[in-house]
Amino acid sequence: MSDQTQETGKSQARRVVVVGAGMAGVQTAVALREQGFTGTVTVIGAEPHQPYDRPPLSKAVLLGKAEGSAFDVDFEALGIELRLGSEVLGVRPGAHELDTAEGPVPYDDLVLATGAEPIRLPGTEGVPGVHLLRTLDDAERLRPVLARQHDIVVVGAGWIGAEFATAAREAGCAVTVVEAADRPLAGALPAEVAAPMTSWYADAGASLRTHARVERVEPGAVVLDDGSRVPAGAVVVGIGARPATAWLAGSGIELGAHGEVVADARLRTSVPDVYAVGDCASFPSGRYGERLLVHHWDNALQGPRTVAANILGETPSVYDPVPYFWSEQFGRFVQYAGHHASADATLWRGEPSGPAWTVCWLRENRLVALLAVGRPRDLAQGRRLIDAGTVLDPELLADPARPLKAATA
């Protein structure tokens with residue numbers, strides 16, 4: 001038997017098991033088939049639903065404009081086995097086995113794609129009328145709440161809080177957003193960049209209360225730490241998410257400071273034959289010189305191609321993307337690309353009081369990140385400039401009438 005025939009037989013016999021049926025998990029399975037993997041591919045998902053996309057949950061699904069957001073993937077035609085509604089309890093890398101509620105599942109290569117889970121507001125377990133928005137079931141529970149036009153309190157003025165407040169206002173609800181920090185998006189953007197977004201809430205008819213910590217939630221009201229009570233027919237909590245990795249305790253797989261799986265540049269974990277991708281994993285970025293933990297849709301879309309290439313092993317692939325995400329809030333399309341932590345200069349294109357503007361972050365006159373509000377062309381061109389590491393002329397860059405790609409030095 002030739003070496004090539006032996007290798008083909010080995011590929012056909014290999015078993016890849018993917019834990020997580022969200023974007024990262026499904027795209028890993030699809031990428032394996034697209035790149036020619038001929039072994040068995042099994043995707044295990046905790047939810048009973050057909051795998052679905054999450055962004056529409058805070059928009060069309062929530063408002064009743066769509067019944068669901070299932071991925072348009074023919075799993076049967078691709079030879080991908082789905083095991084849905086199955087809880088994974090642990091993994092034993094030495095034995096190459098997963099432990100599930102239905103029994104052990106052997107693997108040759110394992111992909112961790114369990115995503116992130118929302119952080120719950122302490123003291124609200126079991127309190128009626130308190131909601132999260134992460135799953136299809138969450139969106140379906142919230143849809144009638146919006147339809148009844150309750151007074152709604154949103155805890156947290158981050159991306160998900162703003163998106164939910166937008167949908168609730170569109171549904172005709174009275175909305176109050178309470179935020180412990182001094183501004184919206186405090187954990188994501190510098191103060192001077194987030195400041196113009198504060199007025200968006202009032203413009204949309206929503207009340208934003210900053211420096212407002214929740215003391216407790218009572219039936220019909222949220223009590224703040226200053227003693228004030230905010231009427232609440234329903235409470236939606238959006239105070240962040242953490243990697244869904246508690247089930248890996250005792251596995252020997254290295255976890256980071258935020259509970260994320262620590263992956264290398266090829267998205268391999270600290271144990272052999274186990275990979276991690278999407279919201280549950282951090283990776284070292286050569287571009288930015290630090291480890292990144294990216295909780296956004298595009299990361300869950302791009303990373304699986306790297307994982308598939310490295311499982312196949314023919315052309316080893318390094319993962320070092322330009323991070324990207326978008327948000328639709330209060331009638332504005334907000335997009336962000338890059339990572340601004342290491343920037344040494346900030347530059348504005350357009351007036352932040354207007355409907356469309358862009359913030360550019362530079363390091364040594366090279367673009368490292370940008371935030372575009374209503375300027376999708378800036379985003380598309382800027383993303384390519386970040387990737388290329390092009391040297392730019394700050395004076396030309398500051399002219400909002402000039403295309404970004406024409407601001408080269």
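1. The lining of the second largest cavity divides into six nonpolar residues, two polar and one charged. Here Ala, Val, Leu, Ile, Met, Phe, Trp, Tyr, Cys and Pro count as nonpolar, Asp, Glu, Lys and Arg as charged, and the others, Gly among them, as polar. This is a predicted model, in which local features need pLDDT of at least 70 and side-chain atom pairs count only at pLDDT 80 or more, while totals for chains, interfaces and linings use all residues. Residues are numbered from 1 along each chain as its sequence is written, and side-chain values use heavy atoms, with hydrogens and water left out.

2. To find this cavity, look for V294, D298, N299, Q302, Y319, P321, V322, P323 and Y324, which line it. A cavity is a set of points on a 1 Å grid over the protein atoms alone where a 1.4 Å probe fits but cannot get out, and lining residues have an atom within 4 Å of a point. Helix 8 (residues 297–312) gives the most to this lining, with three residues.

3. Around the largest cavity you will find L267, A276, V277, G278, A281, S282, F283, N299 and Y319. Strand 20 (residues 281–285) gives the most here, with three residues. Helices (H or I, at least four residues) and strands (E, at least two) are DSSP runs, numbered from the N terminus. This lining has six nonpolar, three polar and no charged residues.

Key:
1 Å grid on protein atoms, 1.4 Å probe; cavity = no way out; pocket = protein on both sides within 12 Å on 5 of 7 lines; lining within 4 Å.
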